[in-house]
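Take a first look at the chain below. The paragraphs after it start with one residue and then widen the view.

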Amino acid sequence: MEQRCFAQRLKEPSKFTLVAVLFVFQVVVHAQIQYSISEEQQDGAAVGNIAKDLGIDQKTLKERGFRIVSTSGESLFSVKQNDGVLYVNGVIDREEVCERITPCLVNLKIALENPLEIHYVTIEILDINDHAPSFPDSELHLEVGESALPGARFQLQAARDYDSGSNSVNHYKLSHSDNFRLEVKDRGQHGKIPILILQKPLDREMTQIINMQLTALDGGKPAKSGTMEIKINVLDINDNAPVFTKDVYSVMLNENAPVGTIVIQVNATDSDEGANGEILYSFGKNVNDNERKLFDINPINGEITVKGRLDYEVKESYEIDIQASDRGMIPTATDKSVTVKIVDVNDNAPEIEVTSFSNTIPEDSRPGTTLALISVSDLDSGLNGKVSCSVGDDKPFRLMPSSQDNTYSLVSTSTLDRERKLQYDITLVARDAGQPALSSVKTINVLISDVNDNSPEFSFSPYAFYVVENNVPGKSLFSVSAYDKDSNENAVINYQIWRAGSEGNKLTSFVNVNTENGEIYALKSFDFETVKHFNFQVLATDSGSPSLSSNVTVNVFILDQNDNVPVILYPVSANGSAEGVEEIPRNVNAGYLVTKVRAYDADIGYNGWLLFSLQEVSDHSLFSLDRYTGQIRTLRSFTETDENQHKLVILVKDNGNVSLSATATVVVKVVEPKEAFAASDVENSVKVEEEDNVTFYLIITLGSVSVLFIISIIVLIVMQCSKSTNYSSKYLQDMNYDGTLCHSIQYRSGDKRYMLVGPRMSVGSTLSHGSNRNTLVIPDRRRRDSEEVSISAFFFYKFPR
């Protein structure tokens with residue numbers, strides 16, 4: 001016997017079939033494994049290691065309750081919790097387990113607990129050739145008339161083999177015979193059928209009995225076989241026909257005779273011997289299918305019995321043709337007729353017929369309205385055919401007898417309300433006077449037709465709907481629904497917007513309703529920032545005549561959508577961008593508030609909650625931005641190596657699902673402490689500059705007229721004062737001169753430009769706050785879009801006397 005385990009199959013995929021499907025749902029795991037094992041394995045034979053094949057730790061099997069879940073008694077297999085191996089529990093006989101089913105599969109359910117796991121194991125029981133073919137009978141007797149012609153076929157019983165596949169019956173062999181040969185007919189799943197064929201005429205005077213042996217062999221290796229002895233009796237020619245003992249057969253039979261009742265027994269004889277003298281009884285060829293359903297005949301003793309239900313009202317008598325034939329090879333037959341007369345009994349229940357029936361009646365009908373004419377009848381006669389009819393008292397209807405026998409009128413007895421009861425099931429009971437009495441029941445359905453007596457009712461009153469702003473115009477937003485207790489056209493509802501008296505609510509003109517289904521759609525897109533709530537009236541009108549209507553208030557609440565970009569309040573936007581310039585002294589400490597970016601968002605909630613972040617900064621170590629307030633502060637003190645100008649790009653975004661944002665640019669200029677005391681305005685600075693220019697030209701004119709020495713001195717002074725040096729990062733001092741230094745600084749604040757004039761200062765000098773005596777406002781002639789600060793220093797040298 002070959003046993004294949006899961007691990008072996010992984011190495012030899014061509015020798016096995018493994019189907020493993022893993023389903024995982026929470027803590028329950030389902031897996032399927034298939035093993036193969038030959039039948040007749042001894043008790044305790046190993047089939048496969050389930051724990052190993054499923055990858056389950058063998059140490060946890062006992063703790064988790066590794067077991068076979070069986071619902072059909074004792075299992076053919078068992079598992080051990082110490083190693084997870086599946087063993088055979090007793091000797092397995094495939095034919096006992098699966099009979100003739102191929103393939104033979106045994107399904108097991110394996111369970112583990114904590115956590116719960118369910119695994120399915122399929123074991124295929126492989127067949128071995130442990131059964132030999134066998135015939136139902138060890139000996140078969142056939143009778144063949146000597147008048148049989150060559151080619152006559154005699155089908156034999158097939159041999160049975162409990163094995164399957166190639167181990168079942170494969171072919172047949174017939175011992176030598178001069179008169180017969182063997183033919184095998186393959187019927188697929190039904191096996192192979194042996195057939196004897198007469199190939200040479202028989203002669204009873206020469207041979208009365210022919211003995212043959214039929215052998216069936218299976219396809220096993222080695223093959224097993226079974227035999228059956230065949231004895232053929234050669235019969236004489238049949239030359240006498242059967243003869244009935246009576247010329248006429250007639251009988252009386254009640255129509256309620258139960259099935260199996262003996263009607264009559266016919267008898268015939270045959271003077272031949274053996275099979276030629278044995279009589280078989282059957283119906284004649286002229287007996288129709290209906291008569292065959294009602295009667296049956298015993299082929300051996302000629303008894304005719306009741307097979308079906310007889311009915312006098314259907315047919316009062318039957319004439320049945322009977323045939324008696326012998327068992328001869330060429331049988332002879334004789335026909336005879338049997339007359340069966342049916343006796344009437346009370347076996348028919350009354351019949352109820354509804355004529356002129358109106359299955360609908362308006363709910364506003366008056367009492368006494370006729371719904372239908374009822375007639376009753378019975379196929380029986382006498383008291384068995386006398387019928388009375390009645391109706392239940394729990395319905396608002398009753399039967400009124402008519403002038404004609406067995407005819408009634410069904411009329412209403414009270415007012416009706418369709419909304420309370422839509423239909424009535426009226427049960428009519430008809431009973432005859434037979435013994436025992438028979439009755440019939442018939443139910444008719446009366447529908448109450450509607451009249452328009454109910455107004456439409458809305459499902460809710462009032463309605464409240466929430467619509468997100470920026471809706472698509474023309475698209476359905478929501479729907480209202482009304483129902484009417486009436487039916488048909490009286491319940492067909494049309495919807496419309498009630499606009500009368502809504503002059504104060506202009507938004508009503510921007511909504512419309514589908515007249516058929518109540519869907520509300522907007523003709524415009526709503527803006528939460530403009531309107532947050534409005535209401536209107538919807539009128540529901542039915543299609544009755546006259547129509548009825550009702551209205552309902554619909555409250556619409558507009559929900560905010562993140563459709564507004566944050567707006568920068570400070571710095572002020574110009575030319576589409578928000579940009580501002582802030583000047584701070586160089587000697588500020590860490591935590592110094594440089595400025596605060598201010599912004600707002602027209603949306604609300606999370607859509608209007610703004611967050612600030614630094615998108616671009618020239619030096620991350622100098623400045624910090626508060627995420628929620630937008631305050632810009634210094635992180636540390638400035639040093640001599642720090643730049644004088646820093647550009648900060650601040651991103652302001654909201655908290656919408658799809659956030660919107662805006663940016664602001666803040667240019668921070670770092671100035672010397674004394675430069676912070678800028679004063680005067682632009683106009684004074686322009687005047688001073690113009691006056692200096694006039695003085696300059698007057699001195700030149702007077703000097704040319706006066707002494708050349710004075711002119712030379714003035715020219716030298718003017719030349720020295722007109723020299724200037726621009727500094728971008730810090731102020732430099734020339735250490736190679738001697739005399740008095742005149743120092744001026746130019747800078748910008750907003751749209752004005754200032755010049756600070758004063759004595760020579762060192763880099764570490766400071767200015768006293770609040771002083772503007774040395775500040776001039778000068779015209780901005782050289783202003784550029786990208787320039788923020790311009791500083792000029794002029795140095796005057798004092799010549800020695």
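Where is N488 found? N488 sits in the loop between β36 (482–483) and β37 (493–498). Strands are DSSP runs of E with at least two residues, helices are runs of H or I with at least four, and both are numbered from the N terminus. This is a predicted model: local features need pLDDT of at least 70, side-chain atom pairs count only at pLDDT 80 or more, and totals for chains, interfaces and linings use all residues. Residues are numbered from 1 along each chain as its sequence is written, and side-chain values use heavy atoms, with hydrogens and water left out.

Most residues other than glycine have a negative phi, and most peptide bonds are trans. N488 has a positive phi, near 55 degrees. With 65% relative accessibility, N488 counts as exposed (over 50% relative accessible area; buried is under 20%, partly exposed in between; 1.4 Å probe, protein chains only). N470 also has a positive phi, about 65 degrees. N470 is partly exposed, at 34%.

Two peptide bonds are cis. One runs from S461 to P462, with omega near -5 degrees. The other joins Y570 and P571, with omega about 5 degrees.

Now turn to D432, in strand β31 (residues 423–432). The side chain of D432 reaches the backbone nitrogen of G434 at 3.3 Å. A polar atom of that side chain also lies 2.7 Å from the backbone nitrogen of L438.

Finally, the whole chain. The protein chain has 6 helices and 56 strands. Of its 801 residues, 40% count as buried.

How values were computed. A polar contact is a pair of N or O atoms within 3.5 Å; within protein, one must be able to donate a hydrogen and the other to accept it, and residues adjacent in sequence count only if both atoms are side-chain atoms.
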